Amino acid sequence: MLTSKDIIREGHPTLRESAKEVSLPASQEDRQILAEMLDYLKNSQDPVIAEKHDLRPGVGLAAPQINVGKRMIAVHFVDGDIQYSYGLFNPKIISHSVQQSFLAEGEGCLSVDRPVPGYVPRYAKVRVKATALDGSELDLRLKGLAAIVFQHEIDHLNGIMFYDHMSSNEPFSIPEGAIAIE
Ligand SMILES: O=CN(O)CCNC(=O)c1cccc(Cl)c1Cl
Ligand code: NI
């Protein structure tokens, strides 16, 4: 099982590289890695398992964070009454809103061992295409928390960290018309 020691931290070059497309259909090895990433998220959200294995909680995870330079992400969280639990190959934002949004509580990252207070401006709505673990093609129209999490993960595939989006001298500045996601 993946644990916190498998997660690379700021300063590791892989976090700043662009990850490579996964050739499909995915190999058994790539499917195994993606399944383990999804399991990490589930385990990290289980108080008993997280405590036992000292797991930091996460709602998403990108392969570069476990030093695998491939375009694979996992997400596991509930947003309102919609449960998102996916392992995805080659996720791609194919369109997005002009309007922006940000998480009122800010963002955190398993690869960043320090709090970085401030708002992370992101697209309020995104349309994402990807191939799921079972090989099916997904076409997702996301808003709210889901839109933010998917952008955080897809950023990791492009070597982008959440604080790259933050205004350095005004971390709590809010872009014109941006909506706060509570
Ligand atoms: O890349 C994934 N991680 O670093 C996992 C840890 N961070 C989170 O779960 C997290 C926390 C707050 C906001 C967002 Cl958008 C995310 Cl994603
Ligand atoms: Ni992260």
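Biologist: What makes you say that the charged end of Arg114 sits over the ring of Tyr163?

Modeller: This is a predicted model, and in it the charged end of Arg114 is 5.0 Å from the centre of the Tyr163 ring. The cut-off for that distance is 6 Å, and the charge must also be within 35 degrees of the ring normal. Arg114 over Tyr163 is listed as such a case.

Biologist: Okay, on to ring pairs. Why is the pair of Phe77 and Tyr84 called stacked?

Modeller: There are five aromatic pairs in the structure. For Phe77 and Tyr84, the ring centres are 5.0 Å apart and the planes meet at 20°. Centres within 6.5 Å make a pair, and planes under 30 degrees apart count as stacked, so Phe77 and Tyr84 are a stacked pair. Ring pairs also link these two with Phe150 into a cluster.

Biologist: And how do you know whether Phe77 and Tyr84 are buried or exposed?

Modeller: Buried means under 20% relative accessible area. Phe77 has 3%, so Phe77 is buried. Tyr84 has 8%, so Tyr84 is buried as well.

Biologist: What makes Tyr119 and Phe172 edge-to-face?

Modeller: Their planes are at 85° and their centres 5.1 Å apart. Over 60 degrees counts as edge-to-face, so that is the name for this pair.

Biologist: Why do you say that this pair ties together parts that are apart in sequence?

Modeller: Tyr119 is in the loop between strands S4 and S5, while Phe172 is in the loop between helix H3 and strand S8, so the pair bridges parts 53 residues apart in sequence. Tyr119 is buried because its relative accessibility is 18%, with the cut-off at 20%. Phe172 has 47%, so it is partly exposed, as exposed would need over 50%.

Biologist: Now the metal. How do you know which residues coordinate the nickel ion (ligand 2)?

Modeller: A donor atom has to be within 2.8 Å of this metal. Cys109 (SG), His152 (NE2) and His156 (NE2) are at 2.2 to 2.4 Å, and they coordinate the nickel ion. Their spacing in sequence is C-x42-H-x3-H. His152 and His156 both belong to helix H3, four residues apart, or about one turn of the helix.

Biologist: Why are those two histidines called buried?

Modeller: The relative accessible area is 9% for His152 and 1% for His156. Buried means under 20%, so His152 qualifies, and so does His156.

Key: Residues are numbered from 1 along each chain as its sequence is written. Chains are lettered from A and ligands numbered from 1 in the order in which they are written. This is a predicted model: local features need pLDDT of at least 70, side-chain atom pairs count only at pLDDT 80 or more; totals for chains, interfaces and linings use all residues. Side-chain values use heavy atoms; hydrogens and water are left out. Rings of Phe, Tyr and Trp (its six-membered ring) pair if their centres lie within 6.5 Å; planes under 30 degrees apart count as stacked, over 60 as edge-to-face and the rest as tilted. Buried means under 20% relative accessible area, exposed over 50%, partly exposed in between (1.4 Å probe, protein chains only). Helices (H or I, at least four residues) and strands (E, at least two) are DSSP runs, numbered from the N terminus. Donors are N, O and S atoms within 2.8 Å of the metal (3.2 Å for Na, K and Ca); water is not among the atoms, so sites may look incomplete.
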